[in-house]
Every structure is written in C-alpha cells, then in structure tokens.
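Please look over the sequence and the model first.

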Amino acid sequence: MRRYSIIPICILMCFFLFACGKETANKTETQNSSEQGTSAAAEISSQSADATESSAPLELASLSDFVGAVKALGVSFTEETTEYTLVGAEDGCKLTAEENVAMLELYVFDTGTDAYQAAETSGQLHIEEMDDSFDAVVANGYAIVMDDSFPQREEIYPLFYSLQAE
C-alpha cells in the first residue's frame, strides 16, 4: 500500500522540479518587465505626487503598474514569475525583498472563475494538487500574499487595493 501512495508524491515532486527549472527562462522575461517597471515607477511616482496634491485615489491597471509602484516606494527586490496556475490565476509574480528575503506574491484572476470566487469568499488561495490552502487578501480580481516583514508593507496594501481588474 505504501508503494502506491509514494507514486503520486514522486509525480508531484517531479512537477515542482520542472517548475523550478522554468526560473532561468523567466529571468529574461523579468529583466524586460523590470525595464518596463522602471518607466512605470516614474509614472506612478508622478501620479502619486499628483494624487497627494489633489487627494484623488491612485489607480493601477496591471501587474507591471503594481511592480513599478512598489519600486517607487524605494523597495529593492528581485522579481520572478510564480506558478500562478496552481491557484487558478491567469498571471502572477513574486517579489523577494533584497534586504531581508521577505516575499510578496501577487496573482491576477478572472473574476468569473470558481478559484477567484472561492478565494474572495474564504480569504484563502487553494492549491488543488496539494490539497492545501494559504491566507491571502483578495480584491478587484487580484490576490496578494505578503510576509509580515516585507518592507513598506503598510504602504503596499493601499497600492494593492488601487489595482483595477483588467
């Protein structure tokens, strides 16, 4: 019986090893999005200044806008693509802070999917392959998971809530 229960575990481990191998391919993608994020950061910081003067809320329209806004806060991080499909998302990224290796993961969902509706109701993202769940803040078609020690944490949540569904 034990032999049969080990087979799914081995398959799952192979899946995760395969997913980790995609990281080098994603680095080029990350560098390109970093360049886009830098220009978005300048735009976001100018929008922030305008928003502060006019007290109008900041509106972010995409994942790259959010990454640019986090950069504008002065947070140094590395960016990677996450295995967003595991939680039923359409896109996602992971930011790892350079100063303390704390992580932030942001997922983009289609708001009509069961995965998003379940996450919105429960406040948790579910990984079906592992039959596991973890806490997340869910709003406007996005979900965020952030370590307590991530830099500028209190400033990042308003950025998250300003994201508008694509």
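Patches are made of residues with over 30% relative accessible area and no salt bridge, where like charges are joined within 9 Å and nonpolar side chains (Val, Leu, Ile, Met, Phe, Trp, Tyr) within 5 Å. This is a predicted model, in which local features need pLDDT of at least 70 and side-chain atom pairs count only at pLDDT 80 or more, while totals for chains, interfaces and linings use all residues. Residues are numbered from 1 along each chain as its sequence is written, and side-chain values use heavy atoms, with hydrogens and water left out.

**Negative patch**

- Glu128, Glu129, Asp131 and Asp132 form a negative surface patch, where Asp and Glu count as negative, Lys and Arg as positive, and His and the chain ends are not counted.
- Glu129 lies in the loop between β4 (124-127) and β5 (132-135), and Glu129 counts as partly exposed because its relative accessibility is 49%; buried means under 20% relative accessible area, exposed over 50%, and partly exposed in between (1.4 Å probe, protein chains only).

**Overall make-up**

- The chain holds five helices and seven strands, taken from DSSP runs (H or I of at least four residues for helices, E of at least two for strands) and numbered from the N terminus.
- Of the 166 residues of the chain, 36% count as buried, and the chain exposes about 9900 Å², of which carbon and sulfur atoms supply 52%, with areas from the Shrake-Rupley method and a 1.4 Å probe.

**Positive phi values**

- Val101, although not a glycine, has a positive phi of about 60°; this residue is found in the loop between β2 (91-97) and β3 (103-108) and, at 59% relative accessibility, counts as exposed.
- Asn140 also has a positive phi, near 55°, and is found in the loop between β6 (137-139) and β7 (142-146), where Asn140 counts as partly exposed at 35% relative accessibility.

**Surroundings of Thr78**

- Thr78 is found in strand β1 (residues 77-81) and is partly exposed, with a relative accessible area of 38%.
- Leaving aside residues up to four places away in sequence, Thr78 touches Lys94, Leu95, Thr96 and Glu98, a contact being heavy atoms within 4.5 Å.
- The C-alpha atoms of Thr78 and Ala97 are separated by 6.7 Å, with the two residues 19 residues apart along the chain.

Conventions:
A salt bridge is a side-chain nitrogen of Lys or Arg within 4 Å of a carboxyl oxygen of Asp or Glu. The place of a charge is taken as NZ of Lys, CZ of Arg, CG of Asp or CD of Glu.
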